[in-house]
Amino acid sequence: MDWRVMGSDPSIIDTLHELLDFPDEADKSQPHPSRAYIRDAKAMAATPADVKDCLNSYVVVIDMPGLKPDQLKVQVEEDNLLVVSGERKREKEKDQGVKYIKMERRLGKYLKKFQLPENADTEKISASYLDGVLIVTVEKKPPPEPKKPKTVEVQVS
């Protein structure tokens, strides 16, 4: 849709987005999903990721273009849930006379959640971010040592 034809100003669209983005504290008794839940579900579906099972680690590669490293958040929630998130907001135009002709670049929340296996060492997680790609490495715990058979000396009488 061409906004110029409709005579719409992108700053009005920004204002509408901000107005519609209020918390849903009003009515928690409704059985339908909250806006936050729907927004997170859409963000998870729109955030592409690869997960690799390497010899000594799990590696998660996530495309998150347009973000700065300080806008990214990597955390482990209870039950070994790795949560990677970030948000790219529209930059306020310095020149008020600017009007968009076309807007295709993705704005909004990036979100991905991964259930880590039991052998993931949540104390040994590292992340690097380069050229819009976040790489999170979760080391594996060493395999448990095999139990040695217990020898019991038996007295025969």
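User: Which residue stands opposite Lys140 in E7?

Analyst: This is a predicted model. In it, Ala120 stands opposite Lys140 of E7. Strands of a sheet pair through backbone hydrogen bonds, in a parallel or an antiparallel sense. Here strand E6, residues 120-130, pairs with E7 in the antiparallel sense, over 7 bridges.

User: What lies between the strands in the hairpin of E6 and E7?

Analyst: The hairpin has 2 residues between the strands. Asp131 takes a positive phi there, near 55°.

User: How many bridges join strand E2 to strand E7?

Analyst: Strand E2 (residues 57-63) is joined to E7 (residues 133-140) by 7 bridges, and the two run antiparallel.

User: What is the order of the strands in the open sheet of 3 strands?

Analyst: The order is E3-E4-E5, and the pairing is antiparallel. At the edges are E3 (72-77) and E5 (108-115), each of which pairs on one side only. From one strand to the next, the twist averages 15°.

User: Where is the bridge partner of Gln75?

Analyst: Gln75 has its bridge partner in E4, namely Val83. E3 and strand E4 (residues 81-88) run antiparallel and are joined by 6 bridges. When reading along a strand, keep one general point in mind: in a regular strand, side chains alternate between the two faces of the sheet.

Key. Residues numbered from 1 in each chain as written. Predicted model: local features only at pLDDT ≥ 70, side-chain atom pairs only at ≥ 80, totals over all residues. Heavy atoms only, no water. Pairing = 2+ DSSP bridges. Helix = DSSP H or I, 4+ residues; strand = E, 2+ residues; numbered from the N terminus. Axes fitted to C-alpha atoms, helices over the stretch in contact; angles between N-to-C directions.
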